[in-house]
Amino acid sequence: MVTQVTSFSRNGLSDWLIQRVSSLIMLAYFLFIGFQIATGIDYTSWRALHDSTAMKVFSLLAFVAYVSHVWCGLWSVFTDYLTEYMLGPIGNVVRPVLQIAVVLTLVVYAIWVVQVIWG
């Protein structure tokens with residue numbers, strides 16, 4: 001029986017919870033942006049909206065949700081499909097290299113997004 005849903009240990013339930021919560025945050029963000037576009041917002045209003053602190057925080061929250069969603073998904077793919085059985089003897093070398101490449105890419109994206117949002 002599962003007793004700790006929100007623990008930070010790596011288990012399937014925590015990954016499931018992170019994926020579901022992050023997808024809801026991204027859905028809320030894209031629905032909000034879509035509504036703004038559908039109502040025919042002009043450039044001045046769009047700029048004022050994105051200059052507000054609340055929108056900057058919401059955008060950053062959506063990006064953090066995106067990064068966590070990507071990491072949980074790719075971690076699952078890497079551990080399920082990039083195994084020694086699938087790749088042969090180099091499987092134990094390829095997987096960590098790819099995981100490090102994904103982490104570095106996400107860190108670079110995070111720095112870039114913070115500069116764009118708060119710059």
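This is a predicted model: local features need pLDDT of at least 70, side-chain atom pairs count only at pLDDT 80 or more; totals for chains, interfaces and linings use all residues.
Me: Are helix 2 and helix 3 roughly parallel or roughly perpendicular to each other?
Reply: The axes of helix 2 (residues 43–51) and helix 3 (residues 53–81) come within 5 Å and cross at roughly 70 degrees. Angles of 65 to 115 degrees count as roughly perpendicular. Helix 2 and helix 3 are therefore roughly perpendicular.

Me: How many residues does the largest nonpolar core have?
Reply: Its members include Phe63, Val67, Leu106 and Ile117. Helix 3 and helix 5 (91–118) each supply at least two residues of this core. Another core, with Tyr29 and Met55 among its members, lies apart from it. The count for the largest core is 9 residues.

Me: Is the ring pair of Tyr29 and Phe58 stacked or edge-to-face?
Reply: Tyr29 lies in helix 1 (residues 12–38) and Phe58 in helix 3, so the pair ties together parts 29 residues apart in sequence. The ring centres are 5.2 Å apart and the planes stand at 75 degrees. Planes over 60 degrees apart count as edge-to-face, so the pair of Tyr29 and Phe58 is edge-to-face.

Me: Is Tyr29 buried or exposed?
Reply: Buried means under 20% relative accessible area. Tyr29 has a value of 13%, so this residue is buried.

Methods: Residues are numbered from 1 along each chain as its sequence is written. Side-chain values use heavy atoms; hydrogens and water are left out. Axes are lines fitted to C-alpha atoms, for helices over the stretch in contact, and angles run from 0 to 180 degrees between N-to-C directions. Helices (H or I, at least four residues) and strands (E, at least two) are DSSP runs, numbered from the N terminus. Angles under 35 degrees count as roughly parallel, over 145 as roughly antiparallel, 65 to 115 as roughly perpendicular and the rest as oblique. A nonpolar core is a set of buried Ala, Val, Leu, Ile, Met, Phe, Trp, Tyr and Cys residues joined through side-chain atoms within 4.5 Å. Buried means under 20% relative accessible area, exposed over 50%, partly exposed in between (1.4 Å probe, protein chains only). Rings of Phe, Tyr and Trp (its six-membered ring) pair if their centres lie within 6.5 Å; planes under 30 degrees apart count as stacked, over 60 as edge-to-face and the rest as tilted.
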